[in-house]
Amino acid sequence: MLFRSDPTRLAVFEHLCRAGEAPVVELTRAAGVSQPAVSQHLRALREAGLVRERRVGRNVLYRPEPEGLAPLVDWLDVYAVFWRDRFTALKSLLNEIDPK
């Protein structure tokens with residue numbers, strides 16, 4: 001999962017989300033790590049379906065793939081219902097304790 005990963009990987013992904021598309025050179029400069037390290041992070045992001053690449057001549061441009069976040073959104077939807085129910089129950093309990 002992206003968010004349990006290395007902070008550099010998250011920074012690379014966030015940079016791509018802000019930039020829309022970027023070459024490895026730009027991502028390396030922004031991340032402050034070596035080009036091979038950025039390439040490893042990009043490979044992990046690609047394998048997770050979070051990043052796509054596009055070749056332009058000799059350059060490879062990377063862009064975020066929003067559909068790759070679908071499993072995270074689905075997971076959050078499940079817990080949104082859980083927490084909404086819990087907060088409703090807590091509100092009821094607090095009103096019983098102190099109705100004001």
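Here are a few notes on this predicted model, going from the overall fold to one surface patch.

1. Starting with the fold: I count four helices and three strands in the protein. Going along the sequence, they come in the order α-β-α-α-β-β-α. The radius of gyration is 20 Å, well over the 13 Å that the globule rule gives for 100 residues, so the protein is more spread out than a compact globule.

2. Along the principal axes, the C-alpha trace spans about 70 × 25 × 20 Å.

3. On burial and surface: of the 100 residues in the protein, 23% are buried.

4. A word on contacts. Take those between residues at least 6 apart in sequence: 44% of them join residues at least 24 apart.

5. Now for the patch I'd point you to. Which residues make the nonpolar surface patch of about 1,100 Å²? The list runs W75, L76, V78, Y79, F82, W83, F87, L90, L93, L94 and I97.

6. Y79 is one of the patch residues, and its place is in helix 4, which covers residues 70-97. Is Y79 buried or partly exposed? Its relative accessible area is 37%, so Y79 counts as partly exposed; the cut-offs here are under 20% for buried and over 50% for exposed, with partly exposed in between. Patch residues need over 30% relative accessible area, and Y79 has 37%.

Key:
Residues are numbered from 1 along each chain as its sequence is written. This is a predicted model: local features need pLDDT of at least 70, side-chain atom pairs count only at pLDDT 80 or more; totals for chains, interfaces and linings use all residues. Side-chain values use heavy atoms; hydrogens and water are left out. Patches are made of residues with over 30% relative accessible area and no salt bridge: like charges are joined within 9 Å, nonpolar side chains (Val, Leu, Ile, Met, Phe, Trp, Tyr) within 5 Å. Accessible areas come from the Shrake-Rupley method with a 1.4 Å probe; for residues, only the protein chains shown count as cover. A salt bridge is a side-chain nitrogen of Lys or Arg within 4 Å of a carboxyl oxygen of Asp or Glu. Helices (H or I, at least four residues) and strands (E, at least two) are DSSP runs, numbered from the N terminus. Buried means under 20% relative accessible area, exposed over 50%, partly exposed in between (1.4 Å probe, protein chains only). The radius of gyration is taken over C-alpha atoms; the globule rule is 2.2 Å times the number of residues to the power 0.38. Contact means heavy atoms within 4.5 Å.
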